[in-house]
Amino acid sequence: MRILLVEDEERMDQALCEILRQENYEVDHWGDGVKGQYAIETGVYDVVILDVMLPGKNGFDITREVRKKGIRTPILMLTAKSDIDDKVTGLDCGADDYLTKPFMTKELLARIRALGRRNIHSPDGTLTFGDISLNPGASSLSSGENNVRLSEKELRILEYLISNQGQILTREQIALKVWGYDSDTEYNNVEVYISFVRKKLHFVKAKTEIKAVRGMGYELRYEDV
């Protein structure tokens, strides 16, 4: 799971990043509201942990604006305020959950796990689209009776496409999601791995395809003909 932390308190952000990485989450961090909003709008994160009081733009405004733009990523808001009105404001802006500082690490991790499960399409964690099923735990793709193992990058690309079915994802979004901000990945690497995933779809004889939308990006399509 990939998490974005938008928090400007240095001690807090360092501690949270360390805790989350120890739990094997991939974490990106921004301490500025404007940059944090830009990162959220990339759509590459599974969960956002968003502080309310931030330089540049507060968490309430960020949440309200990204929801207006159609970003559905689960948002957990953090605040030092315990006033019920602030909690209501955060939820009304579009936040999915709310945690007041100080909080217990176990509670934070439980909230993150709960929000992460909202992106899962079936009780057992399998993601489905058209005639394919993706099992992230087993790194496997299946269609009907056919099954094939996926590499880590292939799995993450297909998982991202299925989780955003009906949307066109740019090469930039896919590169950020799979390789991260700190990677020197060139966009032609995205095309290479897309071709690998297409071969796996062909191997399991799926009718589901990854279509290239010229000048825009890629999307999953299924035509039952």
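**The aromatic cluster**

A: Happy to take a close look with you. Trp-179, Tyr-193 and Phe-196 are linked into a cluster by ring pairs. This is a predicted model, in which local features need pLDDT of at least 70 and side-chain atom pairs count only at pLDDT 80 or more, while totals for chains, interfaces and linings use all residues. Residues are numbered from 1 along each chain as its sequence is written, and side-chain values use heavy atoms, leaving out hydrogens and water.

Rings of Phe, Tyr and Trp (its six-membered ring) pair if their centres lie within 6.5 Å; planes under 30 degrees apart are stacked, over 60 edge-to-face, and the rest tilted. That rule gives 2 aromatic pairs. Helices here are DSSP runs (H or I, at least four residues), numbered from the N terminus.

Tyr-193 also pairs with Phe-196: their ring centres are 5.2 Å apart and the planes stand at 80 degrees, so this pair is edge-to-face. Both residues lie in helix 8, 3 residues apart, about one turn of the helix.

As for accessibility, buried means under 20% relative accessible area, exposed over 50%, and partly exposed in between (1.4 Å probe, protein chains only). Trp-179 is buried at 19%, whereas Tyr-193 is partly exposed at 25% and Phe-196 is partly exposed at 32%.

Methods: Helix = DSSP H or I, 4+ residues; strand = E, 2+ residues; numbered from the N terminus.
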